[in-house]
Amino acid sequence: MKPTNVAIDDPTSLRSTWSHRAWVASGFASVLTPLAKSAVAAADSGSVFEPLLAAYAGYVLADLASGVFHWAVDNYGGPSTPVFGSQIEAFQGHHRWPWTITRREFANNLHPLARAVIFTVLPIEALLDVMEAGAAAHAFVGICAGCVMLSQQFHAWAHEKARRVPRAVAALQAAGVLVSRQMHGAHHRPPYNINYCIVSGAWNGVLDEYKVFEAMEMILFFRFAVRPRSWSEPRPEWREEEEEAEEAAAL
Amino acid sequence: MACTSLPKHPLTLLRAPINKSSPPSPPAFPSLSNASHSQFFGIKLSASSLPNPSHSPKRSMLVFAKVSEGNVPPSFTLKDQDGKNVSLSKFKGKPVVLYFYPADETPGCTKQACAFRDSYEKFKKAGAEVVGISGDDPSSHKAFAKKYRLPFTLLSDDGNKVRKQWGVPSDLFGTLPGRQTYVIDKNGVVRLVYNNQFQPEKHVDETLKLLQTL
């Protein structure tokens with residue numbers, strides 16, 4: 001499969017379309033609704049500690065979830081895999097041309113995750129409503145889903161040059177609240193087998209020290225005889241290209 | 001065999017080797033605090049109690065044995081990467097570092113093999129031989145050894161029979177073949193059993209440390 005650098009070969013594909021914007025707007029709606037419900041319930045009950053704690057838990061879990069998803073698509077499947085094929089292809093292309101993500105417009109970047117979030121949050125929220133869940137549950141869902149949806153933006157900021165990132169974002173990256181350029185940069189070295197988490201990156205230390213992903217890869221290998229991509233060096237046509245060299249070549 | 005379904009729990013008794021190459025002296029006991037005192041020759045299955053190390057181990061009868069420190073392990077003959085038959089008894093007279101690993105061309109095993117390769121001179125200096133064992137076939141071993149320039153023997157444990165016989169425990173609830181290394185002295189007695197799945201390079205340090213004391 002010959003990789004296509006969309007930034008050079010098809011730059012319009014980096015722009016947001018109205019369909020992208022609609023998906024992202026719906027994604028925000030599906031995230032803000034549980035947050036609003038949580039705020040109302042918290043105000044009613046007068047207790048904010050539990051919902052805040054639950055929100056924090058949601059943020060922490062989102063980081064872990066981002067790592068697991070990232071590990072799975074980086075290592076298994078391909079462009080023809082059902083449901084995830086386009087994501088897998090996009091992640092592979094991202095390894096080759098990591099800077100392209102900074103050229104994507106906002107909705108263009110986030111719409112696949114927005115779609116996933118909508119289809120996950122709606123049934124969960126329906127269930128929570130039936131159970132008459134409290135502020136904490138809604139806060140957890142809202143923050144977790146929100147961080148997952150925005151993770152692609154956090155990811156893009158981690159690729160952006162320091163001077164181009166808004167100051168508040170830079171401060172959050174420095175504080176470890178959002179994944180930093182340095183932490184994520186460590187992932188972009190062959191064989192791309194560490195630092196998979198892209199919300200805050202807080203889980204990366206533990207996951208890598210305890211070789212959690214390596215253990216999962218070994219189990220999958222012994223059970224299903226499938227090797228993850230990170231066990232081999234990337235094929236030559238998929239190796240990372242420097243931004244300047246690529247742009248110079250395109251001129 | 002039931003060996004692999006009870007990983008890591010120390011057993012109370014050992015089996016004396018019944019093959020010709022074993023020494024006639026009584027086998028040493030495994031260094032387990034709950035070991036029972038009776039001596040058995042051959043494997044004996046007991047219907048009266050099941051092994052349950054957390055309760056009264058002195059009541060448990062021998063069900064199966066694994067190779068531990070102080071034992072003379074059962075001999076075997078396996079094919080090496082060139083398809084030649086190699087017996088454990090071939091190495092009598094010099095120390096052997098026998099390392100069981102999950103599979104060729106997996107990250108941990110590659111790190112381990114390369115670590116043994118890079119320290120191979122130190123092993124030779126100690127007069128020891130290094131031998132790797134996994135369930136892969138000879139052609140897989142040959143390719144693996146060639147790719148990483150491994151100077152030592154790799155043996156094919158077809159069907160993981162030797163692994164089971166020696167009682168190498170599995171990891172992660174039986175899903176992963178364990179990574180366990182035995183240092184056998186020149187008299188054929190096991191002097192160290194070291195297990196570490198996720199820090200493969202440590203096997204080199206630990207075995208070298210032990211070899212210095214032999």
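The term pLDDT denotes the predictor's confidence in each residue, on a scale from 0 to 100. It is needed here since the model is a predicted one. For the complex, the predictor gives an ipTM of 0.77 and a pTM of 0.78. Chain B has an average pLDDT of 78, and 70% of its residues score at least 70. Over residues 1-63 of chain B, however, pLDDT stays under 50. The model has 97 contacts beyond four places in sequence for residues 1-63 of chain B. Where pLDDT is low, predicted coordinates should not be read in detail.

In soluble globular proteins, nonpolar side chains tend to be buried together. The largest nonpolar core of this model has 25 residues, and among those with the most contacts inside it are Tyr99(B), Phe116(B), Phe123(B) and Val130(B). Several elements of chain B each supply at least two residues of this core, including the strands β3 (96-100) and β7 (190-195) and the helices α1 (107-118) and α5 (202-213). The largest share, five residues, comes from α1(B).

Ser119(B) lies in the loop between α1 and α2 of chain B. Ser119(B) counts as buried because its relative accessibility is 13%, and the cut-off for buried is under 20%. Beyond its neighbours within four places in sequence, Ser119(B) is in contact with Val204(B) and Leu208(B).

In chain A, Pro98(A) is found in the loop between α4 (85-96) and α5. Its relative accessibility is 7%, and therefore Pro98(A) counts as buried. With neighbours within four places in sequence set aside, Pro98(A) is in contact with His159(A), His188(A), Glu240(A) and Glu241(A). The C-alpha atoms of Pro98(A) and Leu53(A) are separated by 35 Å, the two residues being 45 residues apart along the chain.

Is Met131(A), in another loop of chain A, buried or exposed? This residue is found between α5 (106-130) and α6 (135-159). Met131(A) is exposed, because its relative accessible area is 55%, where exposed means over 50%. Together with Leu127(A) and Val130(A), Met131(A) makes a nonpolar surface patch of about 340 Å².

Technical notes:
Residues are numbered from 1 along each chain as its sequence is written. Chains are lettered from A and ligands numbered from 1 in the order in which they are written. This is a predicted model: local features need pLDDT of at least 70, side-chain atom pairs count only at pLDDT 80 or more; totals for chains, interfaces and linings use all residues. Side-chain values use heavy atoms; hydrogens and water are left out. Patches are made of residues with over 30% relative accessible area and no salt bridge: like charges are joined within 9 Å, nonpolar side chains (Val, Leu, Ile, Met, Phe, Trp, Tyr) within 5 Å. Accessible areas come from the Shrake-Rupley method with a 1.4 Å probe; for residues, only the protein chains shown count as cover. A salt bridge is a side-chain nitrogen of Lys or Arg within 4 Å of a carboxyl oxygen of Asp or Glu. Helices (H or I, at least four residues) and strands (E, at least two) are DSSP runs, numbered from the N terminus. Buried means under 20% relative accessible area, exposed over 50%, partly exposed in between (1.4 Å probe, protein chains only). A nonpolar core is a set of buried Ala, Val, Leu, Ile, Met, Phe, Trp, Tyr and Cys residues joined through side-chain atoms within 4.5 Å. Contact means heavy atoms within 4.5 Å.
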